[in-house]
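Could you walk me through this structure in my viewer? I would like to know what to select next and what is there.

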Amino acid sequence: MVRGGALRPSSGPGEVVAPVTGTGRPPRWLLVVAALVTLAVTFDLLTGGVLETLDLRVSAVVDAWDLRGSALYWPVWVFTQAGGRGTVLIVLAGLVAWTAVRRRTYVPALRILLALVLLTAVVYAFKWGTGRTAPEYPGSFFHRGGGSYPSGHVANAVLMWGVARWQAVEFGLPARAQRAFWALAVLGPFVTGVTMVALNFHWVTDVVVGLAVGVLLLGVVHALDALPVSGWVRARAGRQQG
């Protein structure tokens, strides 16, 4: 049975798999923590606080590793793509196609589109507003040409894998797929952040606030989805039956 575009567990053979993991909606306490972290770190950096010194020290250490000039560069770089927009969108395109054909709903496509719009608007507002340069430009942290803060790759990993996990559970994808999206939602941002710092593409604080912004945006997408108008959209997009 389809209610509001989403399939619920059914006793019919092969219709839908019962949830094997949660949808991953961020709890309120986590949203509060993410908001406080974003505000505190941004204020500290813009006022030349202690976190800037931490960033410089970590960057000096990883710069000494010189992974970007070694044979390890490409193997490490591959893991940064756990938050790459192209990589994520290719996987999400398959998810949208599966739900459109097997579940006869376009709700995942609408949610993913909403997430992309919010991600682009918010992350680039931060980037252009702060103008922070990347670690390869030492001594010039904030000017008009900078676009390092926060890490878009990390925010993308948190938000888009989070949305994908949500769709996999709600629309009853096979258990293996649900677990795979859970793993991507949990490990993807961590792997992306660590490798971005290890290659000196981002400062540590870029990654931390990228995580926080991604969590906040995931909460916003869930909240907007709960609005009455969204229920109407889901009913239309999901070709409601029965």
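Welcome! Counting Lys or Arg side-chain nitrogens within 4 Å of an Asp or Glu carboxyl oxygen, the tally comes to five salt bridges. Keep in mind as you look around that this model is predicted.

**Stop 1: D55 and R132.** Select these two residues and show their side chains. They meet in a salt bridge, with 2.7 Å from N to O. D55 sits in helix 2 (residues 50-65), while R132 belongs to the loop between helix 5 (107-130) and helix 6 (152-170), so this pair ties together parts that lie 77 residues apart in sequence. Are the two partners buried or exposed? Both D55 and R132 are buried.

**Stop 2: D206 and R132.** Because D206 is in helix 8 and R132 is in the loop between helix 5 and helix 6, the contact ties together parts 74 residues apart in sequence. Now show D55, R132 and D206 together: salt bridges with shared partners join them into one network. Like R132, D206 is buried.

**Stop 3: R111 and D225.** Next, select this pair. The side chains of R111 and D225 form a salt bridge of 2.9 Å, N to O. The link spans distant parts of the chain, with R111 in helix 5 and D225 in helix 8 (residues 204-225), 114 residues apart. Both R111 and D225 are buried.

**Stop 4: Y149 and P150.** Leave the side chains and turn to the backbone. What kind of peptide bond joins Y149 and P150? The bond is cis, with omega at about -5 degrees. To find the spot, look for P150 in the loop between helix 5 and helix 6.

**Stop 5: D66.** Move on to the loop between helix 2 and helix 3 (73-80), where D66 is found. D66 has a positive phi of about 55 degrees, although it is not a glycine. With a relative accessible area of 44%, D66 is partly exposed.

**Stop 6: N200.** Finish in the loop between helix 7 (175-198) and helix 8, which holds N200. N200, also not a glycine, has a positive phi of about 60 degrees. Is N200 buried or exposed? Its relative accessibility is 8%, so N200 counts as buried.

Definitions and conventions: Residues are numbered from 1 along each chain as its sequence is written. This is a predicted model: local features need pLDDT of at least 70, side-chain atom pairs count only at pLDDT 80 or more; totals for chains, interfaces and linings use all residues. Side-chain values use heavy atoms; hydrogens and water are left out. Helices (H or I, at least four residues) and strands (E, at least two) are DSSP runs, numbered from the N terminus. Buried means under 20% relative accessible area, exposed over 50%, partly exposed in between (1.4 Å probe, protein chains only).
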